[in-house]
Amino acid sequence: MKDQTRIKYFEEADPSQWSLITFLRWRHNSKVLDKEKEHGAFKCLLQNILNNDKVDSHVQRAQEILDNWQFNKCSSEVRMFWSKFRTSKLQHDLEHVELQKELTSDECNADLSNSDSSSDSSSDSSIAQEITNPFLGEQSNDGVAYDEFTAKFKAIPQSDKWVLSTGKRVEDALYHYGMQCSHEHLCHSFIIDPYDENYLQNNVFTMNELKEIQSFNKKPMPLMPTDLLKYLNSFRATNASDMRKLILNSNIYDQSFDRSKNFDFDWIRNTVYNLLLEYEANHLENDHAETWIMLHIWSFIDKAFLDIDGVEVVRGEGSSCASSKRKNLHRVAASTSPLKRKAMGRRGDLIIRKWHTEYGCCEAGKIFDGNNGTKLLEEKSFKMPKMMKDMFVDLCEAVNNEKNKIKKLETVGFIIAGLKISLIRLDSPVGNVCRLSRMRLFEIPTRISEFGKKALSTIVMVWKAKAIVKQIILLIEETEAEQLEMLQNCDQDNVEIFSKKQKLQLPQCLTTPQKKNSIYKR
């Protein structure tokens with residue numbers, strides 16, 4: 001579009017109303033708008049007015065805008081304009097693609113009858129290309145993550161998408177929203193947190209749709225055996241003296257202890273006893289460092305897993321193997337460029353691992369400053385879910401990406417803030433999206449008088465997390481029947497064996513660029 005057309009804005013508008021946002025609104029009916037071109041043209045025209053215009057009010061206003069140029073171009077109004085413009089263009093392109101599909105449906109049906117499953121992926125790729133074309137010209141070094149995000153979306157077959165009862169495809173909604181975001185969000189890794197209010201505030205999903213996402217094929221929590229539950233419930237003393245008596249009372253498990261059967265009883269008693277020592281020392285009413293809290297209070301999480309053969313709980317900001325695997329996926333030997341240094345995985349305050357396979361993690365802070373505290377928000381809404389998905393994708397590969405098994409998998413994560421704790425679960429009930437499920441906050445009370453009311457349910461929650469990990473380990477490790485099948489078919493190509501089973505290739509987490517908070521600069 002020539003500058004002569006843009007000059008009309010300055011002729012039609014009152015100088016007192018000149019601004020970048022009013023200029024963009026004046027231009028919004030143009031078929032093609034490019035952010036850099038529009039901003040550059042407006043600034044250039046202001047320079048011309050400053051240098052050539054003889055009207056003082058025009059020159060003064062142009063100077064004011066140029067003096068505040070950095071602020072003006074980054075104002076919330078300007079950013080909102082481009083966000084809405086992209087959304088509108090995106091919707092228009094999507095409607096155009098859908099119309100094209102309807103007009104050519106007869107042709108497509110004829111072609112599909114002779115095509116294989118790869119045609120789905122090809123069709124979806126072309127649709128994504130149509131959708132994302134408006135953005136391709138606006139990408140820069142700072143916005144390179146958009147290319148990766150779009151590539152992941154294109155690779156999702158239409159037939160594998162999660163379709164809600166309203167007809168909305170979850171993957172499509174996450175993609176459209178992700179293209180509007182100016183900062184990295186879980187949607188860019190195709191993880192949906194149905195408790196994230198961003199989806200309601202930005203009209204991505206309705207409340208009913210989020211409730212459907214929460215409840216669809218929801219995995220039940222394991223149930224603690226009644227005898228174990230009764231034993232735990234017996235520790236309801238309200239003072240240290242009575243609690244000590246309950247702990248030291250002899251029971252049937254002491255006389256003929258069988259670790260394979262009685263471990264959980266011993267773990268419960270040990271947990272209660274160690275917490276009693278802290279109550280007797282009046283430690284829980286004081287502030288402590290994160291390391292102290294993890295060592296003195298939450299160490300019973302580590303001990304809960306001691307009865308699972310081969311499982312260890314890695315502490316001390318351990319690095320995730322699954323996360324490292326994803327980050328080094330495209331690392332190659334030196335050739336035209338030197339060998340890149342191996343990237344470390346995400347660090348967690350606790351990682352649940354059996355050999356090199358990971359099943360869960362933990363992020364901890366020393367204080368609880370509310371559900372929307374900065375550290376808690378960052379860790380429960382971004383950092384830990386990405387680590388959990390890295391682990392989940394690794395588990396999917398362990399079951400050869402078999403769709404039926406993937407639906408049964410999940411990873412767990414603990415969020416700790418001082419004496420409070422919550423459990424997060426990540427699974428993939430359908431499609432290529434991973435879903436987060438959150439439990440309420442539990443806590444270890446500062447006073448022993450509330451131990452029965454608060455601490456016992458916290459211990460139950462940790463036990464249930466361990467039970468989930470046990471279930472997943474059984475699913476991951478081959479059964480005897482599977483081993484026999486593999487032996488029987490050892491003369492066949494693995495591709496031939498596994499091709500008989502439905503596969504699902506989940507998209508990896510988005511790579512977070514190193515420059516903080518500039519991942520999605522536009």
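**From the chain to its largest cavity**

The chain has 24 helices and 8 strands, where helices (H or I, at least four residues) and strands (E, at least two) are DSSP runs numbered from the N terminus. This is a predicted model, in which local features need pLDDT of at least 70 and side-chain atom pairs count only at pLDDT 80 or more, while totals for chains, interfaces and linings use all residues. Residues are numbered from 1 along each chain as its sequence is written, and side-chain values use heavy atoms, with hydrogens and water left out.

Of the 522 residues in the chain, 46% are buried, that is, under 20% relative accessible area with a 1.4 Å probe and protein chains only. The chain exposes about 27600 Å², of which carbon and sulfur atoms supply 51%, the areas coming from the Shrake-Rupley method with a 1.4 Å probe. Among contacts (heavy atoms within 4.5 Å) between residues at least 6 apart in sequence, 68% join residues at least 24 apart.

The count comes to 2 cavities of 30 Å³ or more, a cavity being a set of points on a 1 Å grid over the protein atoms alone where a 1.4 Å probe fits but cannot get out. The largest cavity has a volume of about 50 Å³, volume being the space filled by probe spheres set on the points, which are joined across faces, edges and corners.

Lining the largest cavity, with an atom within 4 Å of a point, are Lys218, Lys219, Glu410, Arg425, Leu426, Asp427, Arg435 and Ser437. β6 (420–427) and β7 (434–438) each supply at least two residues of this lining, and β6 gives the most, with 3 residues. The lining divides into 1 nonpolar, 1 polar and 6 charged residues, where Asp, Glu, Lys and Arg count as charged, Ala, Val, Leu, Ile, Met, Phe, Trp, Tyr, Cys and Pro as nonpolar, and the others, Gly among them, as polar.

Conventions
On a 1 Å grid over the protein atoms alone, a cavity is a set of points where a 1.4 Å probe fits but cannot get out, and a pocket is an open set with protein on both sides within 12 Å along at least five of seven lines; lining residues have an atom within 4 Å of a point. Buried means under 20% relative accessible area, exposed over 50%, partly exposed in between (1.4 Å probe, protein chains only).
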